[in-house]
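Subject: Structure handover

Hello,

Here is the structure for you to open. Please have it on screen while you read my notes below.

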Amino acid sequence: MQNVIYPIFYLFAAALYILALKWMSSPSTARRGVRAGETAMLLAVVGTLLRFEVVEYHWIALAFLIGAAIGAPLALKMPMTAVPQRTAIAQAFGALAAALIGTAELLEAHPSGFAMAALTVEMLLGYMTFTASLIAFGKLQELLPGRPMTYRGQNYFNLSVLAGAICLGVLMNQSADPMSIFPYFVGASLLFGILLILPIGGADMPTVIALLNSYAGLSACAMGFAFDNKLLIVAGALDGSSGFILSIIMCRAMNRSFTNVLFGGFGALQQSAAGSAEQRPVRSASPEEAASILDAARSVIIIPGYGLAVAQAQHKIREMHDILTKRGVEVRFAIHPVAGRMPGHMNVLLAEADIPYDKLVEMEEINGDFPMCDVALVIGANDVVNPAAKNDPASPIAGMPILEVDNARTVMIIKRGMAAGFAGIDNELYYMDKTLMLFGDAKSYVSSLVKELSAQGNE
Amino acid sequence: MHVYEIGLWIFLLAAFLGFELIRRVSPLLHTPLMSLTNAISSVAVVGAILVAGHKDASTLAKVLGCIAVTASTINAVGGYLITDRTLKMFKKRDE
């Protein structure tokens, strides 16, 4: 009787997962999607506990409690600026779970044939994604240097470690005693995960985080094959395709291929560009001047970048947005798909500061509006507004779609100093006649803009 | 039909369905989308329960299974909560 019930639970759970993603399509239904996902998870867990072969509850109940006690405060207390790190560490937990389940199943069930092959794929992806996500977490949390770590022959070495892990996996499938090979297989998978992320720099993190998301999903999917569990296959495939699509979107937004992001070593290009840099004159302005230009404008487009997240300037920007909006200035935000450290990073930061989401405009939509815009205010962004991507075929970022800030009537750039951006390329935008450099920390500069604006309004 | 063949068909259809669904998600919501799919993939807890709760499970399998249950629960609870917390912040004008 029990084993008639659980497939029904699983069926409903799978349907709810699909609905959850469907409802995520728009902000008005997205929270319903979360409810659907939660219900699905509940159905899946209850259904599984009802299965007759599951007899031991105590330890599982304890594990649930510990998991909830760690997971809930992590989610509720964490500052929104730490969202990329949280995503990376969550992926590490998910991948670890998949890898350990695969290991336990290998020890217990001694599977063979297709189930064993699926289990091998699950463990390879699981262990690899585990260390890869941990390294990504370390880089995002700045425990590890964010710059790409590269050395000679890196790609060949990394690929041979991967090939080694795959060969060991195949051997394990053919061997009569898979446990003798198992430790080496795990070691190679863990090592490849580390090596995969070391050469990745901060600006490529959005792609990599999405890709790791995809691997974690595929690992759950492989588990579904090993356990002959359709719910796992469906949920894993949904997660896998989601991560995959996001990483394609991120790659496209940088005009780079997967192979280029993973093996390109963006850091290697830096030297050639840095050599030609020379001291050139720029125009700078005081907060007072900048504030009066903003006050006189009719249309302002703000371009946020990772620097905004670092400076935690989002709330100050909201104050400025409020003042300008009240005076009849149209303020909008132009969001580049790869601005920040994960897909959608800027949207979350600005939404946190209570900026209405209809003010956040995608690159394709807003690019046509720059010629009509009085002031384009760039805050903490660099490469995503660099006209070299359009004009200089020799530039390392050539062909990357950019926010065409250079078409605006006046360009203002808040920047700490004249240092180049992540790609290490000089930015023509800084030297244009219509550009004003506003030197300073994003948060304190915007604060002084707010102060000046309110003072000028009272005169 | 072989049991794994059915699985592969399901994978094929679910993957294409996933592509179609995700393509429609507004870039505005890409961050909560990632935390949601992350939470969804913690359905791996099903496998963990099967391993940890099995009547013939060895102590080692139980230990590994329980660690896996803990890890996926952290992910599930944390993932859904943070997704909801993030989505709550997305407001339209004058709401």
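A definition before anything else: two residues are in contact if their C-beta atoms, placed from the backbone, lie within 7 Å. This is a predicted model, where local features need pLDDT of at least 70, side-chain atom pairs count only at pLDDT 80 or more, and totals for chains, interfaces and linings use all residues. Residues are numbered from 1 along each chain as its sequence is written, while chains are lettered from A and ligands numbered from 1 in the order in which they are written.

The interface

The contact between the chains takes 98 residues from chain A and 79 residues from chain B. On the chain B side, helix 1 (3-23), helix 2 (30-41), helix 3 (45-53) and helix 4 (59-89) of chain B each give two or more residues. Helices here are DSSP runs (H or I, at least four residues) and strands likewise (E, at least two), numbered from the N terminus. Helix 4 of chain B gives the most, with 28 residues. By class, the side of chain B that touches chain A has 47 nonpolar, 23 polar and nine charged residues. The classes are these: Ala, Val, Leu, Ile, Met, Phe, Trp, Tyr, Cys and Pro are nonpolar, Asp, Glu, Lys and Arg are charged, and the others, Gly among them, are polar.

Confidence

The model scores ipTM 0.94 and pTM 0.87. pLDDT is the predictor's confidence in each residue, from 0 to 100. Chain A averages 88, and 94% of its residues score at least 70. Chain B averages 89, with 96% of the residues at 70 or above. Over residues 266-277 of chain A, pLDDT stays under 50. The model has 17 contacts beyond four places in sequence for that stretch. Where pLDDT is low, the predicted coordinates should not be read in detail.

Domains of chain A

Chain A is divided into domain 1 (1-77), domain 2 (81-266) and domain 3 (283-458). Those bounds come from an automatic or database domain assignment. The centres of domain 1 and domain 2 of chain A, taken over C-alpha atoms, are separated by 24 Å. Six residues of domain 1 of chain A are in contact with five residues of domain 2 of chain A. Helix 1 (residues 2-23) of chain A supplies the largest share of the domain 1 side, five residues. That side has six nonpolar residues, no polar and no charged.

The sheet

Chain A has an open sheet of six strands in the order 3-2-1-4-5-6, with parallel pairing. Two strands pair if DSSP finds at least two bridges between them. Strand 3 and strand 6 (435-439) of chain A stand at the edges with a single partner strand each, so one side of each is left without a neighbour in the sheet.

- Strand 1 (residues 299-304) and strand 2 of chain A pair over four bridges; A:S299 stands opposite A:E330.
- Strand 2 and strand 3 (residues 360-362) of chain A are joined by three bridges; A:F333 stands opposite A:L360.
- Strand 4 (residues 375-379) and strand 5 (residues 410-415) of chain A are joined by five bridges; A:V375 stands opposite A:T410.

Best wishes
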